[in-house]
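Reader: I would like to learn how to read the features of a model such as this one, taking the general idea of each feature before the particular case. Could we go through it together?

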Amino acid sequence: MSSSSTSSFEQPRVITCKAAVTWRAGEPLVMEEVEVSPPQPLEIRIKVVCTSLCRSDLSAWESQALLPRIFGHEAAGIVESIGEGVTEFEKGDHVLAVFTGECGSCRHCISGKSNMCQVLGMERKGLMHTDQKSRFSIKGKPVYHYCAVSSFSEYTVVHSGCAVKVDPVAPLDKICLLSCGVAAGLGAAWNVADVQKGSSVVIFGLGTVGLSVAQGAKLRGAAQIIGVDINPAKAEQAKTFGVTDFINSNDHSEPIFQVIKRMTGGGADFSFECVGDTGIATTALQSCSDGWGMTVTLGVPKVKPEVSAHYGLFLAGKSLKGTLFGGWKPKSDIPSLIEKYMNKEIMIDELVTHNLAFDDINKAFELMREGKCLRCVLHMPK
């Protein structure tokens, strides 16, 4: 770091702000005054502007043992202060916070084959990557982080490797969706499956991720995109994103994979599991074509994490692939997705079904639990 930047470095102080804290699993979040520590070396403190509610926040809130906790991981904001050694960001930069980072120097980051950073990958202990401590406290007692982001707070601290600098012209209340769901779906279609023109695709679960897979497949020129969901209200909406055929699995007495095999003349070229149900992952595998059919699983299951499938499916030449964040390296790749959005090449606005004040966060959880929203974007007080 140059001497000029060292001399201009001011030591940030503790901030007290509002955060929505989960004290007990599945119970309403409570607005609390929390203390947010200054960013430590290689960290930044962000003033959160917008954060959206993702289904994995809901699943974790319903089942988590690490409590009290501040959830939230789809977020955009403005850098309020920087820790020692941070050269990439400065105060006032617009950023997306991301739940999986990119250190740029580990085996995975330099491989060109993976986005599974060994230094800043998925954080599951509710603590900071660097020192395994929390940056949040209430009356001196630590509060756990979530996915190294914790955006259900007016201010949060993240590792600088888990943030992406964005063009200040890009609307933060829309591009926050690219920090998880939309990027995951597009990447599953483009990076992981590499959907080909003229191919057939089946998508199980038409939430934000599933619709983003559909959008990615449509942009690749897929000829048939079948959407499967138990909510009939999703049928019309799904057409906007490229779904050509809608199946409500509750309407069929025979196994759904047989319906799909009939519709596709022997099975889809690509199938995507976007529900977070390992039983559906098996159905998705049964629904794709012998010889070359590929199933990509994106959902995070709440129960029964083991996938079971007859080995004959694999002997028949089918493959099953997993993906985290659609294979994107956040710092390297997300700016190009923002550019596509700004050029109107990808749709995000249509996925934002509700805009709510941060104080209404429990309403957002209810809407998602009842299946009445795709994305609720929560706006922090000005």
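Reader: How many bridges pair β10 and β11, and in which sense do the two strands run?

Author: Strands of a sheet pair through backbone hydrogen bonds, either parallel or antiparallel. Two strands are taken as paired if DSSP finds at least two bridges between them, and the elements themselves are DSSP runs numbered from the N terminus, with helices being H or I of at least four residues and strands being E of at least two. Here β10 and β11 pair in the parallel sense over five bridges, and within that pairing Val 202 has Ile 226 of β11 as its bridge partner. This is a predicted model, in which local features need pLDDT of at least 70 and side-chain atom pairs count only at pLDDT 80 or more, while totals for chains, interfaces and linings use all residues. Residues are numbered from 1 along each chain as its sequence is written, and side-chain values use heavy atoms, with hydrogens and water left out.

Reader: Are the residues of β11 buried or exposed?

Author: Buried means under 20% relative accessible area, exposed means over 50%, and partly exposed is in between, computed with a 1.4 Å probe on protein chains only. By that reading β11 is mostly covered, since five of its five residues are buried. Gln 224, Ile 226 and Val 228 point one way from the strand, whereas Ile 225 and Gly 227 point the other way.

Reader: At what angle do α5 and α11 cross?

Author: Two packed helices are described by the angle between their axes and the distance between the axes. The axes of α5 (residues 181–192) and α11 (residues 330–342) come within 12 Å and cross at roughly 100 degrees. That makes α5 roughly perpendicular to α11, on a scale where angles under 35 degrees count as roughly parallel, over 145 as roughly antiparallel, 65 to 115 as roughly perpendicular and the rest as oblique. Ala 183, Leu 186 and Trp 190 of α5 meet Ile 334, Leu 337 and Lys 340 of α11 in this contact.

Reader: What order do the strands take in the open sheet of four strands?

Author: The order is β1-β2-β6-β7, and the pairing is antiparallel. β1 (15–21) and β7 (141–143) are the edge strands, each with a single partner, so one side of each is left without a neighbour in the sheet. Neighbouring strands are turned by 50 degrees against each other on average, direction ignored. Between β2 (residues 30–36) and β6 (residues 136–138) there are two bridges, and Glu 35 has Ser 137 as its bridge partner in β6.

Reader: Which strand pairs with β8?

Author: Strand β3 (residues 43–52) pairs with β8 in the antiparallel sense over five bridges, and the bridge partner of Glu 43 in β8 is His 159. Strand β8 (residues 155–159) is mostly covered, with five of its five residues buried.

Reader: Where does pLDDT stay under 50?

Author: pLDDT is the predictor's confidence in each residue, from 0 to 100. The mean for this protein is 94, and 97% of its residues reach 70 or more, but over residues 1–7 pLDDT stays under 50. Where pLDDT is low, the predicted coordinates should not be read in detail.

Notes. Axes fitted to C-alpha atoms, helices over the stretch in contact; angles between N-to-C directions. Contact = heavy atoms within 4.5 Å.
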